[in-house]
Amino acid sequence: MPEQQSKGLIVWFTGLSGSGKTTICNAAFTELMARGIRTEMLDGDAVRKQLSRDLGFSKRDRDENIRRIGFVAEILSRHGVVVLVAAISPYRAVRDELRQSIGNFLEVYMDAPLSVCEERDPKGLYKRARAGEIAGFTGIDDPYEEPLAPEVACNTAQETIIESTGKVVAAVVGFLSQTNDAGTP
């Protein structure tokens, strides 16, 4: 008799560049793997270089990029994998579209003020955007639409990496235990 697989889950980290999406996503990935939970991570930058390299940064292209990431994440989740996605995903409508079409979707809002993100600026992108070298940069001259009701909110300007990671891991473990308790395959 084949082993029963628990239902997968998509954990969508959204927030401005520099808000801590990749940092917390990596930490959560490590913790979930250590607990024996089948986990995969999709980083928005890595996906853009491979799966979405044909896309630009118009609203239409950004939405298409997010839909592609969501498609890959959904395939993995159907096979019992917890998929951690770290992507700015600036537009609320496309995130909500994914939530509706996928179902097992936890939104994690990486809440950090623009000033903190600019201070961190790990890739020097804010500096370049402020200098006019990058047009349509999220948070500068293109909007970021905050989630209205995320399952998890991490205030990365005030919380430690351990605190934020703990909130995410607790939400994932809670979801998985509810799913397994309900007998859902």
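Helices, of at least four residues, and strands, of at least two, are here DSSP runs numbered from the N terminus. On that basis, this predicted model follows the pattern β-α-β-α-α-β-α-β-α-α-β-α when read along the sequence. The secondary structure of the protein amounts to seven helices and five strands. Its radius of gyration is 16 Å, close to the 16 Å that the globule rule gives for 185 residues, so the protein is as compact as a globular protein of that length. Along the principal axes, the C-alpha trace spans about 60 × 35 × 25 Å.

The description may begin with the sheet. In general, the strands of a sheet pair through backbone hydrogen bonds, in either a parallel or an antiparallel manner. In this protein, five strands form an open sheet with parallel pairing, and their order is 2-3-1-4-5. Strand 2 (39-43) and strand 5 (152-155) stand at the edges; each has a single partner strand, so one side of each is left without a neighbour in the sheet. On average, and with direction ignored, neighbouring strands of this sheet are turned by 15° against each other.

Strand 1 (residues 9-14) runs parallel to strand 3 (residues 82-86), and five bridges join the two. Trp12 stands opposite Val85 in strand 3.

Helix 3 links this sheet to the helical part of the description. Helix 3 (residues 59-78) lies across strand 1, strand 2 and strand 3, and runs at about 150° to strand 1.

Helix 3 also packs with another helix. Two packed helices are described by the angle between their axes and the distance between the axes. The axes of helix 3 and helix 4 (residues 92-102) come within 10 Å and cross at roughly 25°. Since angles under 35 degrees count as roughly parallel, helix 3 and helix 4 are therefore roughly parallel to each other. The crossing in which helix 3 passes helix 4 is right-handed. On the side of helix 3, the residues in contact are Asp63, Ile66, Arg67, Gly70 and Glu74; they meet Val94, Glu97, Leu98, Ser101 and Ile102 in helix 4. The residues of this contact divide into four nonpolar, two polar and four charged.

Terms used: Residues numbered from 1 in each chain as written. Predicted model: local features only at pLDDT ≥ 70, side-chain atom pairs only at ≥ 80, totals over all residues. Heavy atoms only, no water. Pairing = 2+ DSSP bridges. Axes fitted to C-alpha atoms, helices over the stretch in contact; angles between N-to-C directions. Contact = heavy atoms within 4.5 Å. Parallel < 35°, antiparallel > 145°, perpendicular 65-115°, else oblique. Left-handed = near helix turned anticlockwise from the far one by under 90°. Nonpolar A, V, L, I, M, F, W, Y, C, P; charged D, E, K, R; others polar. Rg over C-alpha atoms; globule rule 2.2 N^0.38 Å.
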